Amino acid sequence: MTKNHSSIPLPLSAVALAMIATSSPSWAVDMTFSPKRVTKEVNQQRWICKRCRSKVQSEGQIEVGAGVVSNDASGFSNLVPSHNGEGAVAILSGDGKWVNESGSSTKVEATDLGLERFSISAGYQSAGNGGAEISYQELPRYYSNQALTPYVAVGEKAQLPENWQPASTTDGMATLDQSLHSKELKLLRQSLVINSDFRSDDSLRPELKLRLEKQTGQRVSSGFLGTGTTNWVTPVDQQTLVMDAGLTKTSENWLLGLAYHGSLYKNQLDSQSWQNPYTVSVSGTEYGQLGETPDNQAHQLSMNGRYRWLSSQISARFAYGLQTQDQAFDAYTVNDSLLTTALPAQSADAEVQTINADINASHRINREWRLTARLKVQDRDNQTKIYQFTPVVADTFVGSSSSNQAYSYRREGGALTAHYKGWREFPMKLGYEYQTFHRSLGEREDTQDHQLWLGIKSKRWQSVVTDAKLIAARRGGSDFTELADNQSDHLRRYNLADRDLLEARLSADWQVSNSVSSLFKTRLADEHYDDTEVGLTDRIRFSVDWDWNWQVSELSSLYTGLGYQRLRYKQTGANSSGNPTWQGNLDDRTYSLMLGWDAKGLWQQPLDIGLDYVLSYGTNQQSVELSVNNGTGYPDNYYRNHTVNGWATYQLSTVAKIKFDMIYEHVDDRDYYWSNSQPDSLPTVLTLGNLSQNYSTWYAGISYNHSF
C-alpha cells in the first residue's frame, strides 16, 4: 500500500533525507537490508505512535451491588420491582461495545438483571451495510396484592370451596370469612424483538422487525348472575406477534417506500366461568360464563413517497388493510334449563377492510410566506355477515331476537396553514381544519367539524420567547334518529352532539439571567353542548405549569416545577325514555410540585450527589341533583403521593466508582367504592375488598461500577 506524504513539501523532504544520511554513518558502511539485522539493532519502541488510537476498540461497564426494600407494597413495586416484594434486591447491569478494524461493531447490554423488570440486548452493526439487533424485556405492572376472594382458579373456572354456604345477600354467606384468601393483581409483559436492516448502497434500504409479546397474570373480572354481582380474579394468558417489513429507495430530491405491517393475536383462554355464590333463584344458574377476547389478525400494505423541487415539497401515503376474526362462538348459555335456538353460524367469520390515504404539500412563496396543506381519507368497510341471534341475558332468561351490526365509517378531512414571517419579531401561523365523518347504523349519520386557529410567537425581547394560540371549533351534522327502547330520545352522545369550543394556549420561555431560566405554560378550553338535553352539556379544562432552573454555581444547580390542572363538567340523565330527571356535576383537580438539587465534582471532583422531591395530589368531587331542591353528594375521592429520590456517586478512580441510591414513597389513595370496604360491604355485590393504595415504603441500595 502506497502512503501519501504530500503534506511535507518536496524541498523540505529532500533536506530531511540529506540530514538523515549524514547523521547515520552506519548506513553508508553496510547497505545490506536484512530483516533480522534491522530487527535486532533498531529500537522498535520509537516506532509506536503514542497519540494514535487503534482502530480495534472496546469499551463498556459493569455494575454490581445490593439493595433492600422495606415492605411489599404493590404500588411501590412499580418503582422497584423486586422478586420477593420486600427484603434483599440484587443489582446487576452492564454493557459493552467492540469495534473492529473495518469499523463494524458489536454491542451487548443488560439492565436490572436483579429485578423483575429487566432487559437484555445484543446487536451487530456493519460498517455501512446495515446490521441486526435482538432484545428481550420483561415489564411487570402491579395493581394490588391484597385482593380478597373465596374463589380458586381451576382451569378457566372460578370455583368456590366445597363447604361454601350460599345466601341471598353477601352478609349471609356464613363461610365467606373463613374462605377468603389474598390474590395478587399483576400483569407481566414479556417481549422479544428482532430488528434488522441491510444497505446494498446509499439509496436502497430494506428493513425487517419482528416483535413477539406475551402477557400473563391476573386481573379483575365481574359478572351478574341471578340476583347478584360478583367480582373475582381471572387469569390472563395472551400473545401477539407483530411483523414489520419495509423497503425504501432514496435519491437527491425524492423518496419511495413500500411497507407491510401484520399483527397476529392469540388468546389462550376461550372463555371464563364462575360459580354462583348466591342462593340459586333461577334454575340452572349455578354457574355463569363470559366470553374472552377472540383470536384475530390484521394486515396492512402501504406505499409512501416524497418529492422535493425548488421551494416546494409533496408527500403522500396510501395503505390498504384487512382485519379478520373467525373464533368459534361460545354457546348461548351454560344454563341447561333454558330452551335456546341453534346458533346461526359456528363463528362470526368477521372481516373489515380499511383504506387510508393522505397527501401533504408545502410551498414557500417568498421569504415571508409559506403554505402547507393536508388531505386525509380513512375508510372502514365492515363486510362481516349479518346473523339473527336469540341471546340469553345473564344466563337467566332468553332475550328478544336481535342481529349483529356491521358498523362502517368514512372520514375525510383537510387542513390549510399559512406561515408568515414578515414581522420578524412576531412570526404568525393561521390555520383552518375540517373533517366530515359518515357513520353507518348510528343515531347520527353525518357530522362535520370545522376549526380555525391563530398562532403568534413573540421574539421582541431577547430574553423572552412567548408563543400564543387561539382555537375556535364547531361541530354540526345531520338529524338524529330514534334510539333503541329504554333510552331517552333526547340523549346526545358527546362525540356526536353539536359542540362549540373556544381554547387559548400561552407559553413563555424566559432566560432570566445567565444562570436562571423559566418556562411557563397555560391552557384554557371551554366546551358547550347547547343542543343536548340528556348527556354531556358543559366541560371546562384549565392547566398551568411553571418550571424554574437555577445554576447556583459551576458545581450545583436547583430546579423546581409547579403544576395545576382542573376539569369540570356537567351532564344530565334520564331514567327512562322521557325528559332529563337528574344532573351530575364533577370537579377533578390535580396539583403537582417538584423540587430538585444536584451537585457534581465535589471534594475536588470525585463526588456527585442529588436529591429530588415530588408531590402529586388529586381530588375528585361528585354531586347529583335529582330535582331543584334535592341534591345528593358523594364522598370525595383523592390521591396523594410523596416521593423522595436521593443518589450519590463517588469516583474511586478513572474506571471505578461507587453509587448510593435511596427512594422513599408515601401514597394515600381514597376511592369511596374501594376504601374501607370488605367483600361483603354491599349486600348484592361480592367484591374483592379494599384495593386502594395506602403505604409508606423505602428502598436503599449500593453498587460498584467498573468501566473498561
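A residue counts as exposed when its relative accessible area is over 50%, and as buried when that area is under 20%. The legends below describe close-up views of a predicted model.

**View 1. Gln604, an exposed residue with a positive phi.** Gln604 has a relative accessible area of 77%, so it is exposed. This residue sits in the loop that links strand E30 (582–602) with strand E31 (607–627). Although Gln604 is not a glycine, its phi is positive, at about 60 degrees.

**View 2. Asp395, a buried residue with a positive phi.** The loop between strand E19 (392–393) and strand E20 (397–398) holds Asp395. Its phi is about 55 degrees, a positive value, and Asp395 is not a glycine. Is Asp395 buried or exposed? Its relative accessibility is 7%, and the limit for buried is under 20%, so Asp395 is buried.

**View 3. Pro427 and its contacts.** Pro427 belongs to the loop between strand E22 (409–420) and strand E23 (428–439). With a relative accessible area of 17%, Pro427 is buried. Which residues does Pro427 contact, leaving aside its neighbours within four places in sequence? They are Tyr420, Lys421, Gly455, Ile456, Lys457 and Lys459. For one of these, Lys457, the C-alpha atom lies 5.5 Å from that of Pro427, while the two residues are 30 apart in sequence.

**View 4. Thr230 in strand E10.** Thr230 is part of strand E10, which covers residues 228–250. The relative accessibility of Thr230 is 1%, so this residue counts as buried. When residues up to four places away in sequence are not counted, Thr230 touches Tyr151, Ser221, Ser222, Gly223, Trp274, Pro277, Tyr278 and Leu686.

**View 5. An open sheet of four strands.** The strands follow the order E6-E7-E12-E13, and their pairing is mixed.

View 6. Strand E7 consists of residues 157–159, and E6 pairs with E7 in the antiparallel sense. Three bridges make up this pairing. In one of the bridges, Val152 has Gln159 of E7 as its partner.

Key:
Residues numbered from 1 in each chain as written. Predicted model: local features only at pLDDT ≥ 70, side-chain atom pairs only at ≥ 80, totals over all residues. Heavy atoms only, no water. Pairing = 2+ DSSP bridges. Helix = DSSP H or I, 4+ residues; strand = E, 2+ residues; numbered from the N terminus. Buried < 20%, exposed > 50% of the residue type's maximum accessible area, 1.4 Å probe, protein only. Contact = heavy atoms within 4.5 Å.
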